[in-house]
Amino acid sequence: MDTARIEEVIGDFVSLKKRGANHIGCCPFHNEKTPSFYVSPSKGIFKCFGCGEAGDVVGFLKKHEHFTYPEALQYLARKYNIEIHEEEMTDEQRERQNERDALFHVSEFAQKYFADILYNNEMGRAVGLSYFHGRGLSDEVIRNFGLGYCLDDWSNFTEHARRNGYSDNVLEKTGLTIIKEDTGKSYDRFRGRVMFPIYSISGRVLGFSGRILSSEKQAAKYVNSPDSDIYNKSRILYGLFQARSAIAKQNKCYLVEGNIDVISMHQSGVENTVASCGTSLTVEQIRLIKRYTPNVTVLYDGDSAGIKAALRAVNLLFSEGMHVRVVLFPDGEDPDSYAQKYGSTQLQDYLASHEDNFVIFKTKVLLDGVKNDPIRKAELVKDTIQTIALVPDLIERTEYIAQCSRLLSVPEEALASELAKTINRNRQKSYEQARNENREEALHAETDTPSGPIAVPQTAAKPSISPASINSSEKHLVSLLLNYANHPIEQVIKNDDGTSVLSTHTVAEIIVSDLQYYGLTFSDPTCQTIYDYFSRTIEQGENVDTSHFAAVDDDGVRNLAMSLMVDTTSVSELWRKKGIIVHSIEDNLLTDLIETINSFKMKCINDQIAENAKEMINAKDDDELLMLIARKKQLIEKRNEFGAALHRVISQ
C-alpha cells in the first residue's frame with residue numbers, strides 16, 4: 001500500500017491529466033463527458049463528484065476489476081515486483097497445497113486434451129465437432145469457451161494422463177477418472193461426451209460438464225465433475241469468466257438454465273449471461289453475481305416447468321437484495337432454440353420487449369389459477385406479500401404494493417398492513433434463529449482466547465450524503481479534521497497568575513476537546529460518525545490515520561470523507577505570472593480553525609434555542625414553562641458569548 005502510487009494504478013485504466021496537486025479524468029464507473037473523477041496522489045485516494053464513488057487504490061481495483069481484497073493486493077504486488085511472503089506452512093499444509101496445485105494442473109491438461117481431440121482427431125471431428133456445429137455454434141465461440149470431446153473409449157484419457165506423469169490419486173480426486181474399488185480397474189468418467197470446461201473467475205479450469213451424444217436410455221444426459229478441493233458446483237456459475245466484463249459494463253446479468261443456452265446467448269451478442277452448474281440456484285452463486293451487478297433477469301422456458309423453476313428462484317434472489325426481472329420464451333422455446341431460429345437481432349429485441357418485473361409476473365401467473373375462489377385469492381395475497389417482504393429497499397416495496405393492489409383489486413392499506421406483519425414475523429424468526437445459534441455456540445465455546453477476529457454483525461449501509469446538503473459549519477469542521485487532523489497548532493495560553501506558556505496541540509485535539517467541553521454533537525449523522533472516529537482515537541491515545549476512511553465499509557461515510565479530502569481547486573498559472581498571491585488554508589489555519597469552531601457552536605446554540613421555543617409552545621403547565629424560560633435565558637447568554645467570539649451582533 002505504501003509503494004503503490006494511486007495515480008499510476010488508476011492511470012492503467014483511466015486517462016488522467018494533471019491539474020494542480022491532483023489528477024483528473026472521466027469516471028470509469030459512469031458515463032460522463034466532462035471529467036469529474038479526481039485522484040489525489042498525496043492522500044492516496046480517488047473521488048468522483050459525479051456518481052460519488054470514492055476510496056483508495058485497493059478500493060478502486062475491487063470496484064473496477066471486481067477483485068476480492070486479497071486479489072487486489074496480489075495485483076499490486078505483481079505490478080510493483082513485491083514478493084508476498086506467505087505464512088510458514090506445516091508439512092500437512094504444504095502437502096495439501098501441492099495437491100490443490102496438482103488438481104489445477106491436471107484439469108487444465110484435460111481441457112487442452114479434449115479441445116485437441118475435438119479438432120485434431122477423426123472421431124472428435126466426426127462426432128464432437130459435428131454436434132457443436134449442428135447446434136449452430138461457430139468455431140470462434142467453441143474455442144472461446146474451450147469446448148472439447150472425450151473419445152468413446154474406456155480409458156483413453158486416463159492412459160494419456162498417466163503417460164504425462166499424473167497420478168491415479170489426482171485423476172480420481174478431480175473425477176476425471178473413476179477407479180473401481182473391487183477390481184482396481186479405471187475408466188474415463190466422461191467417455192463419449194462433448195466437454196464443457198468450467199472456469200473460475202480468473203480463468204482457471206476447475207471441472208467439467210459432459211453431455212452424452214448416444215441414445216443410451218440408462219446413461220445420464222449430463223455428467224458433472226464431483227466436488228473436490230478446487231470444484232464446488234454450488235459456488236460456481238457457468239460462463240461467468242467469459243461474462244464478467246459484460247455484466248459489469250451493462251450492469252445486468254441474464255440467468256439461464258443450460259450451458260448451451262449460455263454459449264448461444266454469447267454468440268448472439270448477449271454476453272452478460274451465466275448459468276448455474278447443474279444445481280439449483282444457491283446463495284453463493286447469487287453473491288458471485290452481486291459482485292458485478294445487483295440486477296438479474298431470469299430467462300426460462302415458457303412451459304409450466306420453466307415457470308415453476310422461475311418462481312422457485314425468485315425468493316432467494318430477493319432475499320440477497322437483488323433486483324429481479326424475468327423473460328419467458330414462447331412455449332416450446334428456450335434461449336438457445338430462439339437464438340438459433342430467429343437470430344441475434346430478434347433475440348435482443350425479444351429480451352428488451354418481454355422483460356417483466358418478477359413480483360408482478362408472479363402475481364399475474366398465480367392469479368390465472370385463482371378465478372373467483374376467495375380462499376385461493378387470500379393464499380395468493382399472502383404468497384405475494386411473502387416475496388415483497390424479502391425486498392430490502394423500502395421504496396421498491398412501496399411500489400410493488402401499489403402495483404399488486406391494482407392487479408389483485410385489494411386496497412393498498414390492507415396489503416401494506418399484511419406486509420408489515422410479515423416483515424415483523426420474519427425479523428422475529430431471524431432473531432430467534434440467531435439467538436439459538438449464539439446459545440449453541442456458547443455451549444460449545446472453548447474458554448481460552450479465540451485465535452481469530454470477533455465477528456461483528458453487519459448493519460444496513462447508510463445512504464450516500466451529498467456534501468451540499470450538510471450545514472456549512474459542520475461540513476467545514478469535518479473537512480478540517482480530515483485534512484489537518486495531525487497538523488500542530490501553537491497557541492499562547494495565559495495562566496491565572498498572568499504568566500504565558502506556549503502550548504502545542506493538533507487540530508484534531510483542539511476540535512475534540514472543545515466539542516466535548518460544551519457537549520456538542522453534529523446534526524448530520526454521517527458527520528457525527530466521522531467525528532466519532534477522531535474522538536475515539538484521541539481518547540484512546542492512538543495516532544489519527546485519515547486513510548482509514550478510504551476503505552471504510554459505510555458508503556455514505558467513505559464518499560463524504562473522500563469528497564472533503566480531495567481539493568478540486570487549483571491556482572491558475574496566469575495568477576502566478578501576474579504576482580497575485582492566493583493564500584491557502586494552512587497560511588491562516590489557526591484563525592480558520594477558531595472561526596469554524598465558533599460558527600459550529602453558534603449553529604448548535606441556535607438549534608437548541610429553536611427546540612426550546614417548540615417546547616415552550618407545548619408546555620403542559622406553568623412550572624414547566626418557567627423552567628423553559630430560564631433555559632432560554634441561559635441559551636441566549638451562551639449565544640451572545642459565542643457571537644462576541646465571532647464579532648457578531650446578535651439580535652434578541
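The residues are numbered from 1 along each chain as its sequence is written. Since the model is predicted, local features need pLDDT of at least 70 and side-chain atom pairs count only at pLDDT 80 or more, whereas totals for chains, interfaces and linings use all residues, and side-chain values use heavy atoms, with hydrogens and water left out.

The protein has 24 helices and 19 strands, where helices (H or I, at least four residues) and strands (E, at least two) are DSSP runs numbered from the N terminus. Of its 652 residues, 41% count as buried, a word that here means under 20% relative accessible area, with exposed meaning over 50% and partly exposed lying in between (1.4 Å probe, protein chains only).

We can begin with the sheet. Strands of a sheet pair through backbone hydrogen bonds, either parallel or antiparallel. Here 6 strands form an open sheet with mixed pairing, in the order β12-β14-β13-β15-β16-β17, and two strands are said to pair if DSSP finds at least two bridges between them. Because β12 (237-238) and β17 (356-357) stand at the edges with a single partner strand each, one side of each is left without a neighbour in the sheet. The partner of β12 can be followed residue by residue: 2 bridges join β12 to β14 (residues 273-276), and the two strands run antiparallel. Leu237 has Ser276 as its bridge partner in β14, while the bridge partner of Tyr238 is Ala275. β14 also pairs with β13, this time in the parallel sense and over 3 bridges. Both faces of β14 are covered, for Thr273 and Ala275 on one side and Val274 and Ser276 on the other are all buried.

From the sheet we move to the helices. Helix α13 (residues 335-353) lies across β13 (253-256), β15 (295-300) and β16 (323-328), and runs at about 125° to β16. Helix α10 (residues 259-267) is mostly covered, with 8 of its 9 residues buried; among them are Asn259, Val262, Ile263 and His266. Just after α10, Gly269 takes a positive phi of about 95°.

Two packed helices are described by the angle between their axes and the distance between the axes. The axes of α10 and α13 come within 9 Å and cross at roughly 45°, where axes are lines fitted to C-alpha atoms, for helices over the stretch in contact, and angles run from 0 to 180 degrees between N-to-C directions. That makes α10 oblique to α13, because angles under 35 degrees count as roughly parallel, over 145 as roughly antiparallel, 65 to 115 as roughly perpendicular and the rest as oblique. In this contact (heavy atoms within 4.5 Å), Ile260, Asp261, Ser264, Met265 and Gln267 in α10 meet Pro335, Asp336, Ala339, Gln340, Leu347 and Leu351 in α13. These residues divide into 6 nonpolar, 3 polar and 2 charged, where Ala, Val, Leu, Ile, Met, Phe, Trp, Tyr, Cys and Pro count as nonpolar, Asp, Glu, Lys and Arg as charged, and the others, Gly among them, as polar.

Helix α19 (residues 507-518) and helix α20 (residues 525-539) pack at an angle of about 100°, with their axes 10 Å apart, which makes α19 roughly perpendicular to α20.
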